Amino acid sequence: MKKAMNQSILTLILNGGSILALLFMMYSLFTYSRVNGQLNEAYKERFDLTYNANRFMNGSSYLTNEVRAFAATGDKKHYDNYWNEINNLKNRDIGVAAMQEIGITADEQAQIDEMSGISNQLVPLEEKAMEEVQEGKNEEAVEYVYGEEYSTSIARINSIKEEFLAALDTRTSANVEVLHKKEDNIRITMIAALILVGIISLVNMIVSRVKILRPVLKIRDQMGEISKGKLSTDFSLTPDTSEIGMLVASIHETKKVLRKYISDIDDKMSQMAEGNMDLGIGNDYLGEFVPIQDAMRQILDALNQALAQINLTAEQVSQESDQMAQGAQSLSSGVTQQAAAVEELTASVGDISEQVTSTSKDADNARQHSEDAAKKLEICDEKMAALKIAMQDISKASDQIGGIIKTIEDISFQTTILALNASVEAARAGDAGKGFAVVADEVQNLANKSSESARDITELIENSIELVRYGVSLSVDTLEALSSVVSSSGESNKMVVQIAASASQQVQSLEQLKQGMGQISEVVQDNASTAERSAASARNLQKHAEELKISVNRFRLRNTPKRR
């Protein structure tokens, strides 16, 4: 990873530079304020020194002017002003004291002392002049204050005064000039510090925008793309050792991990969609993605278990439906045979009915044809024997029908049990077993209809058996009657009447038997249709079971051999 300065350190350096520049500017401002105060103090000191120097010199000049005025005019006012200055105003002493308090140099003090000394030397001349004026000697007084000695001293004082003021002004001006230059330098320093703060702030702004804000905006946009699920969007920032570089590295790593997880989930789901359930879920998911990995593992395990159970159930359903189809086919064949037997029985009953009708007519004509009674009785004996055999056949066929009914009931019961098992397995299969549930319901309905039809057939067969038994009984009686007729020809007329009556009853009974056989034929036909529908449903159930097996065989499950 490329090394780079941390944004925090860079920001700390720039902000530290700005703070140092601001502190330096504040120090410069403080220094400027202090120097400005010193400059004001220097101006005030210069003014005070000049003022007090002028006060000292003006006081001395005032005394000279007043004493000369007094000597020239004799006006006592000048005399009073002179002594008022000496005794009360004391401008010279106050000025010197003020200058000494402010601060003067030794040379300046020496000049003051020299001027004071010369002034003090003039005092006797001034006092002498004022005495002369008081004595009325004005000319002598003027001589004293305007004389050469006094004028020379005054000229010397003025010369020293000019030198003193010039030296004082030079010294104070130099001090003010130094402070002015110092103030200008501080002002320049402050401007430079302000410019430096501005430059550092500008650099800080540019660096913040380029090194922090612009990458942060790109990171924001990239995170927005990631939040929308777009992991393939180009991310131009490269990771480095800085904070934002580490964040960029984290985003790259996050996208890489997310793409890996999504690719793995897509691969697993694609294989599952193609029917491959023999998969393994690894343990390389981290953090909040572990529940997804666990959920995939649970889904895969649940699908393997469910599909294995469906496969087993489909195999069982296929076997049971095959057996049911075979049973239904056997039932259909049996019912068809039963229908044929019933048709034959109906035809036989029709023949018997016609024969009995003929016998009844013959009995009615027996009185007229008594001579033929023996032959007719023999014929009747033969017919009754055949009738007995036919009735025995009918009885056997009825017994066979009873057995078939028992078989139908057993098939109906097994079909009901199979339909219940199929419904349970369809319920376990969930959505995948909805179609199978419909087939199970149809099988259940077919079993119910078969059970109802079997009960109806049973009832009709029982009635038929009773009728057959009744017919057998009649045939036995008829046979005995014919035997009696044969053995007792003397009673032929009476027996013929009895035969006629019995024949009439037989006609009615056979008519009822014929109607019952018609009903049996209809029921058998219905049973045949039902059996055919049951066989068709069983074949459809077997077909659906095979399709279900084929659908389940698309999935390659765990611990199962691979299918071609």
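Start with the second largest pocket, which holds about 290 Å³ of space. This is a predicted model, in which local features need pLDDT of at least 70, side-chain atom pairs count only at pLDDT 80 or more, and totals for chains, interfaces and linings use all residues. Residues are numbered from 1 along each chain as its sequence is written, and side-chain values use heavy atoms, with hydrogens and water left out.

**Stop 1: the pocket**

Select Q7, K211, P215, D240 and S242. Of the 15 lining residues, these lie nearest the pocket's centre. A pocket is an open set of points on a 1 Å grid over the protein atoms alone, where a 1.4 Å probe fits, with protein on both sides within 12 Å along at least five of seven lines; lining residues have an atom within 4 Å of a point. Its volume is the space filled by probe spheres set on the points, which are joined across faces, edges and corners.

Now colour α1 (7-73), α6 (148-227) and α7 (243-273). Each supplies at least two residues of this lining. Helices are DSSP runs (H or I, at least four residues), numbered from the N terminus. The lining divides into eight nonpolar, four polar and three charged residues. Here Ala, Val, Leu, Ile, Met, Phe, Trp, Tyr, Cys and Pro count as nonpolar, Asp, Glu, Lys and Arg as charged, and the others, Gly among them, as polar.

**Stop 2: α4 and α5**

Select residues 106-134 for α4 and 138-146 for α5. Their axes come within 7 Å and cross at roughly 165 degrees. Axes are lines fitted to C-alpha atoms, for helices over the stretch in contact, and angles run from 0 to 180 degrees between N-to-C directions. The two helices are therefore roughly antiparallel (over 145 degrees; under 35 counts as roughly parallel). The α4 and α5 crossing is left-handed: the near helix is turned anticlockwise from the far one by less than a right angle.

Show L125, K128, A129, E132 and V133 in α4. They meet N138, E140, A141, Y144 and V145 in α5. Contact means heavy atoms within 4.5 Å. Six of these contact residues are nonpolar, one is polar and three are charged.

**Stop 3: α1 and α4**

Turn to α1 beside α4. Their axes come within 10 Å and cross at roughly 20 degrees. That makes α1 roughly parallel to α4. Among the contact residues, pick F56 and F70 of α1, then M115 and M130 of α4. The contact counts nine nonpolar, five polar and one charged.

**Stop 4: α2 and α4**

Finish with α2, residues 76-89. It packs on α4 at about 150 degrees, with the axes 12 Å apart. So α2 is roughly antiparallel to α4. Select Y79, Y82 and W83 of α2, which contact E126, E127, M130 and Q134 of α4.

Technical notes
Parallel < 35°, antiparallel > 145°, perpendicular 65-115°, else oblique.
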